[in-house]
Amino acid sequence: MKDLSFKKSLLYFSVILLVLELLLYKDFIFGEYYFLYKDLGDDIYNVGYPELYSKMEALKNGHLPSFSFNTALGENKYPFSIEPIALTVTYLFFKNDIASAFIWMQLIYTFLAGFFLFVFFRKKGIHVLAAGIGSVLFAFSGYMIGCSTWYLVQFSNDMMLFALFLLSLHYFQENKKVYLLTITTALIGMAYTSIILYFAFLLAVIYLLVNYDSNKSLKLRLQQLAKLGFAGLLGLGLASFILLSNLHQMLNSPRGKGMYPLMDKLKQTPLQFAEKPELGTSFLRLFSNNLQGIAENYQGWYNYFEAPFLYSGLVVLLLIPQLFHFVDRRKRLIYGGILFFFIVIIAVPLFRHALWLFTGNYYRMIGMLATIVFIYFATMSFDFVIKQGKVYFKTLLLTIVGFLTLLFALKSQIAIDASPSVFIVISFLIAYFTLLYFFGKKRLINYFPHLLVGFIVLEIFIFATPTLQDRLLVTKDDVKVGKGFFDVTKSIIKDIKQKDSSFFRVEKDFFSGNSRVYSYNEAQIQGFYGSSGYWAFHNSNYIAFLKSIDTLNYKDEIGSRYVRGIREIPKAMQLCGVKYFISNQDSLKKNQGEFEFLKSINGYSLYKLKNHRSLGFAFTNYITEKEFDKLTLSQKHKIVNKSIVVEEKDIKKLTELKSYYKPVSNDSIPKQLLISSFKENEIMGSIKIDQPSLLFLSIPFDDGWKINVNGHETIKYKVFHGLTAVYLNMGNHKFEMTFLPPYKSIGFAISILSVLIGITILSIRKIKDIKTK
C-alpha cells in the first residue's frame, strides 16, 4: 500500500482532523450551547469558568492572579494561574465573553494532541494510514472526549502535552532537536497540577522500554539516560517560577497535610481483585464510555468520571494482539509486561492506590496512560499489517470471540438505554474483523483504506456525540444578565461598592449558579469577598478554622473541597469582616437581632450585620486551642469575638494578654484596623492600641504574607486554628502587609538560571556544529 511523503501526509491529516473537529463540535461552535456542563461534569462550570473569569479580570488590570479574596476567606491562586493556551486564547479573543472560550480551547487541545502524535508516528516511520488512524483515535478517544466535559483545562491539556512529550522523547533518542524535551518538560511542569510530572515520568519509562535497543552498550545507554535526566531537570528548572509554588500549595492542602485519614484507609486496602462492579466497569469502558450510562444516568462503579476512561477505538482492541506476531521474543516480553502492568493496576485496587501514592481512589491519568499505550501498540501493529500485508487470522478470531464473550458475560451490567447500544458495539467489532480478514486475504485492497477510515469516522461520531450532547449543557440563555452567575447579586454588589469603599465581606443564603451542585466559587464572577469555595487544594489553615467551629459540609475529605463557609453563623461572620448579607428567603428570622434591614431589590433583601468589624481588630484576651476545643459548639460561637484562640506553644510569648474568656458586654467594641489602602496583595493601615493586644486578621495563615508594623517585619501567629494575628504593644501603629507566593522568588531565580544554562549549551552546540562543517 502506497505511502505519502511526510509533508503531504501532515497537510492531509491536519485538514481531516480540522474537518472532523468542526463537524463533531459544530453545535458548540455555531449553536446555542457553550462547552460547559451543568450535570455531573459541572466542575468546568463551577470551578473552571469562575477561575478563568477571575484570571481575565486580573490580566485586564495588568497582572496574573496572586492572592485572591474572591475565593474562600482568601487564597493563593498564583500556583494555578498559568496555562498558556487557555490564557492566550481567552485574553486575545474572549476576555469579555469567557464562556465562549472553552470550545476553542478544546478544539486547539484536540488538534494539537492529534497533530503531535501523528508527527511522532510518522517520524517513527509508521505508514500514513496507520499513523493517521492512531492519531485520530487518540484525538477523539474516550479519555479526551469524556474528561474534556469534566475539566478540559487540566485533562485535555494533559493529553496534548503527553503527545508532545512522546515526540520530544523520540527526537531526543535520535539526537535531534534535543531542546524540545526540555521545553516540553517545562510545559508539563507548568500544568494545572504538578502530579502530572509523576505520570510523565511513568510515560518516559514506558517509552524507553518499548524502544529498548539491545544493540547499544550499557555505557551508551547510561549516557543517554544521564542526558535525558539532565534535559528533564533543565525543563523543571525552567518551570520552577510556577512549579515550586504549585508543589507548595498542594502539599499544604488538607490532602497534602494528611488532615483526613484517607491515605491510611487506602493503605489498608486488602490485596485482592477488585469487586465485580468495578471490574465490569473497567472492561466495559474498553468498548465505550457509555455502556453503563452517561453522567448522572450512569449505573456503573463509583461515578461516570472517576471510572476509568479506557475506550480508544474498537479496532484498537483487535489490532493489539496482532502485534505479538510481528516482533521478536524480547519485545513480546516487554510489550506483554507493559500490558500486564495495566491489567494489574486496573484489576487490583491496592496497586492502583499505590501508583497514586495513596492520595485518592483514582483512575484519572491511569486512563490517559493506558489510552496512549493501547493506541501506540495498535498503531505499530497496523503498520506491520500494512507493510507485510498479513493478518494472523486465528489470533484475530480468538480476539473477537474473546471480546464478544466478555460483552455477553457483562450484559447484566450494561444499561438498557446505553448510547451507543451493545448491538452497535458488536456491529463495529464485526465490521473491523471482516475488513482485517479480507485485507489479510489480499481482497478489497483498493477499497480497504476508504472503508476502514469511513467506519472509524462513523464510530467516532456515534460514540462521542452522546458524551458531548446527551447532557445538561450551559446555554447562551444561562449566561445572560439576570440569570445564573449574572443574577441580581452582581448589580447589588456593584451598588454597594459605589457607596461603601471600605473592606467588607458579603454572605448570601442562596447560590446563583444553576448546575446540579452549589456554585461555591461564584464570588469570582460576581466580584465580592465571601467565605465559600470549591477547590481540591484549599489552604489547610482555612479548612482547620472552619472545622474548629463545625461549619464544614462533610466530615470527610470531601468536606475540605466543597466548602459552604460561615454564612450560617452570625458570630463567625462578625469575626471575619462580613458586613452585608443578601437574602432571597426568610432565613434571617432566627437571627433577626444580628442584622439590620437595608432595602429590597427585585425580590431580594439586603441586610447589614450589626456590630460588623474590619478585616482586622484587636484582642486582649486569649483562650488556648485545647481549651477552645473542649467547648460546646454554642459556647464556641459565643466567645469567638471576645477571646482569640492561640496555639499552646505561643502562650509564653503572649504574657501581656489575659487568659480570659468569660462573656463580656456586647457593647464592648474592640480597636479596629483602619485600612488606608487595600489591594489583594498589599494592605496598609493603622491602629491605636491602649493595651498589649493581638491584632487579629481574618485571613488564612499563609507563608506568603509578610507583615510590617512601624516599618519592621513582625512575627505572624496562627490563631483560631488557621487564621492570622500579630502582637502589638500599646501605642499607635502603622501597619503594612504584602503577599508574595511562597517559593516564587527562588523559583524565578532557578528559571532564569536554567534559561542561561540552556542558552549556553545551545551556543556551545552551535559553535561545534559550525566547526564541524
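Strand E17 (residues 693–700) is mostly covered, with eight of its eight residues buried, where buried means under 20% relative accessible area, exposed over 50% and partly exposed in between (1.4 Å probe, protein chains only). Strands here (E, at least two residues), like helices (H or I, at least four), are DSSP runs numbered from the N terminus. The model is a predicted one, in which local features need pLDDT of at least 70 and side-chain atom pairs count only at pLDDT 80 or more, while totals for chains, interfaces and linings use all residues. Residues are numbered from 1 along each chain as its sequence is written, and side-chain values use heavy atoms, with hydrogens and water left out.

E17 runs antiparallel to strand E11 (residues 616–619), to which four bridges join it; here Phe-617 has Phe-696 of E17 as its bridge partner. E17 also pairs with strand E21 (residues 723–728), again in the antiparallel sense, over six bridges. In that pairing, Leu-695 is found opposite Val-726 of E21.

Phe-735 in E22 stands opposite Val-709.

Attention now turns to the surface. A nonpolar patch is formed by Leu-4, Leu-11, Tyr-12, Val-15, Ile-16, Val-19 and Leu-23, which together have about 610 Å² of accessible area. Patches are made of residues with over 30% relative accessible area and no salt bridge, with nonpolar side chains (Val, Leu, Ile, Met, Phe, Trp, Tyr) joined within 5 Å and like charges within 9 Å. A salt bridge is a side-chain nitrogen of Lys or Arg within 4 Å of a carboxyl oxygen of Asp or Glu, and accessible areas come from the Shrake-Rupley method with a 1.4 Å probe, only the protein chains shown counting as cover for residues. Leu-4 lies in the segment before helix H1 (6–24), and counts as partly exposed because its relative accessibility is 32%.

Finally, the cysteines. The structure holds zero disulfides, a disulfide being a pair of cysteine sulfur atoms within 2.5 Å. Cys-147 counts as buried because its relative accessibility is 2%, and Cys-576, at 0%, counts as buried too.

Methods. Two strands pair if DSSP finds at least two bridges between them.
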